[in-house]
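Have a look at the sequence and the fold, then read on.

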Amino acid sequence: MRDFERLRNLMVETQLIPRGIKDKRLLDVMRKVPRHLFIPETSWDDAYEDMALPIGENQTISQPYMVAIMTELLELKGDERVLEIGTGSGYQAAILGELAGEVYTIERIEALAHKAKNRLGEMGYTNIYVVIGDGSKGLPEKSPFDRIIITAATPEIPECLKSQLAEGGIIVAPVGQRFSQILIKAKKIKGTFKQEYHTPCIFVPLIGEYGWKE
Ligand code: SAM
């Protein structure tokens, strides 16, 4: 029987803290949420390794460090309404659900969305809503959001997502080419966006009306 709790602590100590992740609430949540339950059992040996892993349908669960840095950049205090584009396994949504008030997460692949919804329900999350659809268009009927996180590579941050962000809100997204991006944090201040550029990264593409074509 693997000691997943020990492996999670090791992940935090060796992958997150040395790379500069500092938010205490976030580190506690990364120690708590069972990443292995979001991936196929055949990959459980690698569940807390420093890498993205396949989750079926040609999609991936992001590397733990990428989940941590994107979440830290969102500066969550506890009562925010968050929109995530790209539910995938639901792991990032679970981390957000632990740290924010309400999470809406959109996935375009039905099979993944259903699996994530069931998994999050079984784990007892009642503040995470999984929606099937093209997240590149956002979720205007539930806007404005205090935070938006895009967990798929996008050529640019879609204007419609910017308009669904509340004043003072933050968007975090991997922006760039299809096979290489840079993590961008954009803060909405008096209707304009102040951008910061963070780490280089490689995400699967955002496929949709305001992303790439299939
Ligand atoms: N956040 C996920 C997790 O914790 O497992 C990892 C996300 S995975 C890197 C990217 C996901 O974005 C894939 O599941 C993919 O199907 C989804 N995706 C791509 N384009 C999308 C779109 N337009 N709307 C919603 N989901 C999209």
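## Helix α2 and R25

Let's start with R25, which sits in helix α2, a stretch covering residues 24-32. Keep in mind that this is a predicted model.

## Helix α3, tucked inside

Now for helix α3, which runs over residues 64-73. Nine of its 10 residues are buried, so the rest of the structure largely encloses this helix. Going along α3, the buried ones are P64, Y65, M66, V67, A68, I69, M70, T71 and L73.

Just past the end of α3 comes E75, whose phi is positive, at about 50 degrees.

## The whole protein

Zooming out, the protein has six helices and nine strands. Its radius of gyration is 16 Å, close to the 17 Å that the globule rule gives for 214 residues, so the protein is as compact as a globular protein of that length.

If you'd like its dimensions, the C-alpha trace spans about 50 × 35 × 35 Å along the principal axes. As for burial across the protein, 51% of the 214 residues are buried.

Methods. Residues numbered from 1 in each chain as written. Predicted model: local features only at pLDDT ≥ 70, side-chain atom pairs only at ≥ 80, totals over all residues. Heavy atoms only, no water. Helix = DSSP H or I, 4+ residues; strand = E, 2+ residues; numbered from the N terminus. Buried < 20%, exposed > 50% of the residue type's maximum accessible area, 1.4 Å probe, protein only. Rg over C-alpha atoms; globule rule 2.2 N^0.38 Å.
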